[in-house]
Amino acid sequence: MSKYVITGANSEIGYALAQYLSKQGHELFLVSRSAKDNALSSIHPWTDGIDLTNESHLINMREKIQEIFSSPFTLIHSVGDFWTHKSIEQTYFNEAVSLILSHYVTLFGVIKAVVPIMKTVGGGKIIAFSCNSVKYNYPDMAAFTSAKAAIECLIKCVANEQSQYNIFANAFALPSIKTNSVIQTKPEEFHENYPTLEELTKCIEQTVENLTPLVNGNIINLFKYSDSFYHKGYYERNTIWKEDLNERTKGLL
Ligand SMILES: NC(=O)c1ccc[n+]([C@@H]2O[C@H](COP(=O)([O-])OP(=O)(O)OC[C@H]3O[C@@H](n4cnc5c(N)ncnc54)[C@H](OP(=O)(O)O)[C@@H]3O)[C@@H](O)[C@H]2O)c1
């Protein structure tokens, strides 16, 4: 069984992952800003009240990880403000700042905290969550997508810099996942093709457990087959949406 640190343990994906990894018998250390969950924190150590943009909180988290893990572990970073689609003009400046802080700066801070520990214990794997929007550059997602692009760049830099110490970094580029927030904010979309949390957590565990050191610095794209996604580009789908309500119900990814 493996050892995992999950930052953002209260995010929908982070919490579902923690539950799944726990059921598979892995050893976890969970970190969140909001209050810990009683069920999981009775099984695994969980530190809450950690704002990952705050350096002293990051140091506190690093000390706790150091106490708990003395052999290689995987960090899964599931952190960052949720985004609802809007144009650059509609985006408040503060929202753009918060997106960079919550997605990119938290990841940088956590990586800076865990790398010295990973070096001491013989290595580890670092996993971040990006989004397929970086590949497609959808409209109305500029602030979010550019924060995710920074994450992808950081992961590749870490891979190149740290693999000499047996530390390997990869990111999953996720499509929309069938989380409560996604369903609530995209009520008119057809959600059949969105991967569920069950599908995602199983896929992440299987992939991470089987990653060899040769898989390093990659952006791993996760997709579920969709007729509309594979046969039409973003603008074609959008035009059809406006013109044909039947096509619209086939949905976007
Ligand atoms: N859901 C999707 O469809 C989807 C698609 C593509 C990519 N992703 C990515 O996958 C990751 C998880 O997504 P999700 O939907 O599960 O997220 P979520 O439920 O919206 O949760 C976001 C988490 O980020 C944490 N957070 C934000 N700023 C923080 C800070 N400064 N310090 C510590 N924690 C902070 C929040 O912590 P607290 O609640 O503890 O305060 C919250 O738990 C995110 O990076 C997201 O961008 C998700």
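Tutor: Start with Glu27, which forms a salt bridge with Lys3, their closest N and O atoms being 3.0 Å apart. A salt bridge here is a side-chain nitrogen of Lys or Arg within 4 Å of a carboxyl oxygen of Asp or Glu. Since Glu27 belongs to strand β2 and Lys3 to strand β1, the pair ties together parts that are 24 residues apart in sequence. Helices (H or I, at least four residues) and strands (E, at least two) are DSSP runs, numbered from the N terminus. Glu27 counts as partly exposed, at 37% relative accessibility; buried means under 20% relative accessible area, exposed over 50%, and partly exposed in between (1.4 Å probe, protein chains only).

This is a predicted model, in which local features need pLDDT of at least 70 and side-chain atom pairs count only at pLDDT 80 or more, while totals for chains, interfaces and linings use all residues. Residues are numbered from 1 along each chain as its sequence is written, and side-chain values use heavy atoms, with hydrogens and water left out.

The whole structure holds 3 salt bridges. Another joins Glu95 to Lys86, with 2.7 Å between the closest N and O atoms. Here Lys86 is buried, with a relative accessible area of 18%, whereas Glu95 is partly exposed at 24% relative accessibility.

Glu199 and Lys224 also meet through their side chains, at 3.2 Å from N to O. Glu199 lies in helix α8 (residues 197-210) and Lys224 in the loop between β7 (219-221) and α9 (227-231), so this pair ties together parts that are 25 residues apart in sequence. Both count as partly exposed: Glu199 at 37% relative accessibility and Lys224 at 25%.

The buried residues of α3 are Leu58, Met61 and Ile65. Seen down the axis of α3, they fall within an arc of 60°, so they line one face of the helix; the arc is that of the directions from the helix axis to the C-beta atoms. These residues pack against β1 (3-7), β2 (27-31), β4 (73-77) and α4 (93-121), contact meaning heavy atoms within 4.5 Å.

Last, the ligand. A polar contact is counted for N or O atoms within 3.5 Å. The side chain of Arg33 has an N or O atom 2.8 Å from a ligand oxygen atom, and a polar side-chain atom of Asp51 lies 2.9 Å from a ligand nitrogen atom. Gly80 has a polar backbone atom 3.1 Å from an oxygen atom of the ligand.

Notes. Polar contact = N/O pair within 3.5 Å; in protein donor to acceptor, adjacent residues only side chain to side chain.
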